[in-house]
Amino acid sequence: MRPVTATAAAVTVALAAGAASVAAGRYASDAALKAPPGRPLPTEPRLTVHSTAAGRVALTRALASQRPGTYGLAGDRVHAVVGPVLHHAAHSADTVVRRLQRVTHGTLEPRDRVWLIPNVYVGDPGAALGLDHLDIEVPGELGALPAWFVPGARSTWVITVHGLGATREHPLNVLPFLYRQLFPVLDLAYRGDPGAPRPQDGLGHLGETEWRDLDAAIRYALRHGAEHVVLYGWSTGATMALRAAAHSALRDRVSGLVLDSPVLSWETTLRALATARRTPGALLPLAVRAAQGRTGLHGDRIDEAADPARLTVPALIFHGPADTIAPWTPSRRLAARRPDLITLHQVPDAPHGAMWNADPATYEEALRRFLTPLM
């Protein structure tokens, strides 16, 4: 081969390899930046329904199907709610039997492929819980943001904001509790959600830009009668709450934070989601660089929002060691540095965003104790 031809061939191969690497990095980063609302995250395994009986469902035996607590069970055209594992129920070696509490819609059939999800309710607060509510629009930076408002007698409002792979149905898990405590609740959909404006680049920014929609919700609440607000976020919604509490022009009206499974290291979360997509370890740095290039994310942004010195209001963190999407070590570190303001409630055996599901009663008691002084 002539030298010029050989050089050209080598350059072509190098360019092709580089393009393939860039494409792989973009694909891997999509797991976090394009997480579809209302679809399980790639870390959640699909399970098979083996059989159903009165009040029981047999699922594929896996770590996920053996989790303690109460979960939604979702498939392509079905949603049900399952309770604890029935250890004494007859089952085969490769199945687990859980209590089947109800089938919300559809029909649960053998051989159905399903996921365990945090959402135990579907629909709006009226259809799902029988609660009077208003469908409202919050004026946001990119346009009108749909939200549900459930009235309450108190002057402190709770603003709830979901996280990765979820929708505003997720906070319905705790809405009955908040309703009993007489809190007005504003349950927000933000940019990229169904019915909300799409960001110009079509990507999620892990709370980095989305927090401004939460800021808009704070303004709405204060214009409509709230004297103070408690920001209650899950996953990247918790990141949004931290950023709003640190940077909002109205942060003096924020009286507390509830942070469930907070994403405090976006790089760790992105790597975990990319790994769940079977991204080879060698390509994970490319996924991080792709996310930085596509969104402008930098590691110090979340660090700044979670700076203990910036925290000025009480915060309750629900988190646990079984969270593989947002490891809880940063939550422990943050709580240890501000024991005067932060209460960390450890939840064992709960996946990301499902701290309530593992033990609803204990979770709500911790929430009650935290919110009582803020009422």
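**Entry 1: the open sheet**

I started with the open sheet, which has eight strands in the order β7-β8-β10-β9-β11-β12-β13-β14 and mixed pairing. I then looked for its edges: β7 (134-139) and β14 (342-346) each have a single partner strand, so one side of each is left without a neighbour in the sheet. From one strand to the next, the twist averages 20 degrees. A reminder to myself before going on: this is a predicted model.

Strand β9 (residues 156-161) pairs with strand β11 (residues 228-234) in the parallel sense, over six bridges. I followed one of these bridges and found that I159 has L231 in β11 as its partner.

Which helices pack on this sheet? One is helix α4 (residues 211-223), which touches β7, β8 (144-150), β9, β10 (185-188), β11 and β12 (254-260). The direction of α4 makes about 115 degrees with that of β7. Another is helix α9 (residues 329-337), which touches β13 (315-319) and β14. I noted about 145 degrees between the direction of α9 and that of β14.

I checked the confidence next. The protein chain averages a pLDDT of 89, and 90% of the residues score at least 70. Where does pLDDT stay under 50? I found this over residues 8-21, for which the model has one contact beyond four places in sequence.

**Entry 2: the barrel**

Then I turned to the closed barrel. Its six strands run β1-β2-β5-β4-β3-β6, with antiparallel pairing. The twist there averages 45 degrees from one strand to the next.

Strand β3 (residues 71-74) pairs with strand β6 (residues 113-117) in the antiparallel sense over three bridges, and G72 stands opposite I117 in β6. β3 also pairs with β4, again antiparallel, over four bridges. Here L73 faces A80 of β4. β3 and β4 form a hairpin, and I counted four residues between them.

Is strand β4 mostly covered or mostly uncovered? Strand β4 (residues 79-85) is mostly covered, with six of its seven residues buried. Five bridges join β4 to strand β5 (residues 95-105), and the two run antiparallel. H79 stands opposite H105 in β5.

**Entry 3: rings and charges**

I looked for aromatic pairs and got three. I opened the one made by Y232 and W234, which is stacked: 4.4 Å centre to centre, with 10 degrees between the planes. Both Y232 and W234 are buried.

The charged end of R168 sits over the ring of W148, at 4.1 Å from its centre. R154 lies over the face of F183, 5.8 Å from the ring centre.

Which residues have a positive phi although they are not glycine? I noted L206, with a phi of about 55 degrees, and S235, with about 60 degrees.

L206 is in the loop between β10 and α4, and its relative accessible area of 5% counts as buried. S235 lies in the loop between β11 and α5 (236-247); S235 is buried too, at 3%.

With a relative accessible area of 14%, T167 is under the 20% cut-off, so T167 is buried. Leaving aside neighbours within four places in sequence, T167 is in contact with P37, G38 and H162.

**Entry 4: D260**

My last stop was D260, found in strand β12. Is D260 buried or exposed? At 0% relative accessibility, D260 counts as buried.

What does D260 touch, not counting residues up to four places away in sequence? I listed G233, W234, S235, A238, F318, G353, M355, W356 and Y363.

Conventions: Residues numbered from 1 in each chain as written. Predicted model: local features only at pLDDT ≥ 70, side-chain atom pairs only at ≥ 80, totals over all residues. Heavy atoms only, no water. pLDDT = per-residue confidence, 0-100. Contact = heavy atoms within 4.5 Å. Pairing = 2+ DSSP bridges. Axes fitted to C-alpha atoms, helices over the stretch in contact; angles between N-to-C directions. Buried < 20%, exposed > 50% of the residue type's maximum accessible area, 1.4 Å probe, protein only. Phe/Tyr/Trp six-rings, centres within 6.5 Å; stacked < 30°, edge-to-face > 60°. Lys NZ or Arg CZ within 6 Å of the ring centre and 35° of its normal.
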